[in-house]
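This report concerns a single protein chain and the contacts that hold its parts in relation to one another. The sequence and the structure are shown first.

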Amino acid sequence: QVQLVESGGGLVHPGGSLRLSCAASGFRFSSYAIDWYRQAPGKERELVAAITSAAGSSTNYADSVLGRFTISRDNAKNTVYLQMNSLKPEDTAVYYCHARRCGAWGQGTQVTVSS
């Protein structure tokens with residue numbers, strides 16, 4: 001019963017902030033690297049941020065979000081977060097979390113950045 005559920009999306013103005021959450025269940029969350037992807041209409045899904053398991057907690061970011069987005073995890077809550085600051089219209093997309101080792105995907109949460 002592996003499940004990932006994203007939440008926290010919504011409509012924000014350019015320059016605003018949003019925090020996405022990915023709640024996991026059905027697997028040993030702390031042992032899994034977790035990625036955030038996004039997909040804009042008509043475009044391919046792209047990796048925006050990644051975090052390793054608790055052993056290292058290393059993070060990586062796409063160049064387009066580096067310095068604006070922060071990925072973190074709370075293993076006690078089986079949750080990964082994506083703090084998004086200084087949002088741009090180009091960030092508009094459906095955001096998905098992904099458990100790398102088991103290949104599970106969430107259903108996505110819509111982020112819209114518009115004036």
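The sections below treat the sheet, the nonpolar core, the disulfide and the salt bridges in turn. The model is a predicted one.

**The four-stranded sheet**

Strands S1, S3, S8 and S7 form, in that order, an open sheet with antiparallel pairing. The edge positions belong to S1 and S7; each has a single partner strand, so one side of each is left without a neighbour in the sheet. On average, neighbouring strands of this sheet are turned by 15° against each other, direction ignored.

The pairing of S1 with S3 is antiparallel and comprises five bridges. In S1, which spans residues 3-7, Leu-4 and Glu-6 make up the covered face. The uncovered face of S1 consists of Gln-3, Val-5 and Ser-7.

**The nonpolar core**

The largest nonpolar core contains 30 residues, and those touching the most other members are Trp-36, Leu-82, Met-84 and Tyr-95. Two or more residues are contributed to this core by each of S3, S4, S5 (46-51), S7, S8, S9 and S11 (109-113).

The surroundings of Leu-82 can be given in detail. With residues up to four places away in sequence not counted, Leu-82 touches Leu-18, Arg-19, Leu-20, Trp-36, Val-48, Ala-49, Phe-69, Thr-70, Ile-71 and Tyr-95. Trp-36 and Tyr-95, which are contacts of Leu-82, are also among the core residues that touch the most other members.

**The disulfide and the remaining cysteine**

The whole structure holds one disulfide. It joins Cys-22 to Cys-97, with the sulfur atoms 2.1 Å apart. The torsion about the S-S bond of this pair is about 70°, so the disulfide is right-handed. Cys-22 belongs to strand S3 (residues 18-25) and Cys-97 to strand S9; the two are 75 residues apart, and the pair links distant parts of the chain. Both cysteines, Cys-22 and Cys-97, are buried.

Cys-102 takes part in no disulfide, and the nearest cysteine sulfur, that of Cys-97, lies 10 Å away. With a relative accessibility of 35%, Cys-102 counts as partly exposed.

**Salt bridges**

Side chains of opposite charge can pair when their charged atoms come close. The count for this model is four salt bridges.

| Asp-35 | Arg-100 | 2.6 Å |

The salt bridge between Asp-35 and Arg-100 links distant parts of the chain, 65 residues apart: Asp-35 is in strand S4 (residues 34-39), and Arg-100 is in the loop between strands S9 (93-99) and S10 (104-105). Asp-35 counts as buried because its relative accessibility is 3%, whereas Arg-100, at 43%, counts as partly exposed.

Arg-38 is buried, its relative accessible area being 5%.

Asp-91 lies in the loop between S8 (79-84) and S9, and Arg-68 in the loop between S6 (59-61) and S7 (69-74), so the pair ties together parts that are 23 residues apart in sequence. Both residues of this pair are buried: Asp-91 has a relative accessible area of 1%, and Arg-68 has a relative accessibility of 11%. Through salt bridges that share partners, Arg-38, Glu-46, Arg-68 and Asp-91 are joined into one network.

**An exposed loop residue**

Lys-43 is located in the loop between S4 and S5. Its relative accessible area is 54%, and because the cut-off for an exposed residue is over 50%, Lys-43 counts as exposed. Lys-43 and Thr-70 are 27 residues apart along the chain, and their C-alpha atoms are separated by 23 Å.

Technical notes: Residues numbered from 1 in each chain as written. Predicted model: local features only at pLDDT ≥ 70, side-chain atom pairs only at ≥ 80, totals over all residues. Heavy atoms only, no water. Salt bridge = Lys/Arg side-chain N within 4 Å of Asp/Glu carboxyl O. Buried < 20%, exposed > 50% of the residue type's maximum accessible area, 1.4 Å probe, protein only. Disulfide = S-S within 2.5 Å. Pairing = 2+ DSSP bridges. Axes fitted to C-alpha atoms, helices over the stretch in contact; angles between N-to-C directions. Core = buried A, V, L, I, M, F, W, Y, C linked by side-chain atoms within 4.5 Å. Contact = heavy atoms within 4.5 Å.
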